[in-house]
Amino acid sequence: MLMSSADRPAKLAYGPNGFRVLSPGHYVACAVTGEKVSLESLRYWSVERQEAYASAEIATRRLLGQA
């Protein structure tokens with residue numbers, strides 16, 4: 001059975017002003033919580049760590065070493 005791109009995560013390259021899709025999908029997993037974040041609502045990521053976050057609070061905690 002083939003999975004549609006809606007059923008699998010995208011692989012992204014995170015840059016300072018946006019991200020580039022390396023492998024198609026409709027979501028990425030938050031690096032801290034594992035929560036699925038749709039590409040349309042993805043707003044927080046770390047260029048240095050190349051990881052995505054579900055919210056500003058989670059991103060801040062991670063970057064401060066609290067998550």
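**View A. A hairpin that joins β1 to β2 runs through two residues.** The model is predicted, so local features are given only where pLDDT is at least 70 and side-chain atom pairs only at pLDDT 80 or more, while totals for chains, interfaces and linings use all residues. Residues are numbered from 1 along each chain as its sequence is written, and side-chain values use heavy atoms, with hydrogens and water left out. Strands here are DSSP runs of E with at least two residues, helices are runs of H or I with at least four residues, and both are numbered from the N terminus. Strand β1 covers residues 11–15 and strand β2 covers residues 18–23; the two run antiparallel and are joined by five bridges. Two strands count as paired if DSSP finds at least two bridges between them. K11 has S23 of β2 as its bridge partner, and L12 stands opposite V21 in β2. In a regular strand, side chains alternate between the two faces of the sheet.

**View B. Strand β1 is largely enclosed by the rest of the structure, because four of its five residues are buried.** Buried means under 20% relative accessible area, exposed means over 50%, and partly exposed lies in between (1.4 Å probe, protein chains only). In the protein, buried residues make up 27% of the 67 residues.

**View C. S46 lies in strand β5, residues 44–46.** With a relative accessible area of 3%, S46 is buried. Apart from neighbours within four places in sequence, S46 is in contact with Y14, E51, Y53 and L63. A contact means heavy atoms within 4.5 Å. S46 and A59 are 13 residues apart along the chain, and their C-alpha atoms are separated by 8.0 Å.

**View D. Y27 lies in strand β3, residues 27–29.** Y27 is buried, with a relative accessible area of 13%. V37 is ten residues from Y27 along the chain, and the C-alpha atoms of the two are separated by 5.2 Å.

**View E. Q50 sits in the loop between β5 and β6, the latter being residues 51–53.** The phi angle of Q50 is near 55°, a positive value in a residue other than glycine. Q50 is partly exposed, with a relative accessible area of 38%.

View F. Along the sequence the pattern is β-β-β-β-β-β-α. The radius of gyration is 12 Å, close to the 11 Å that the globule rule gives for 67 residues, so the protein is as compact as a globular protein of that length. This radius is taken over C-alpha atoms, and the globule rule is 2.2 Å times the number of residues to the power 0.38. Taken along the principal axes, the C-alpha atoms fill a box of roughly 40 × 25 × 15 Å. Of the contacts with a separation of 6 or more, 25% are between residues 24 or more positions apart.
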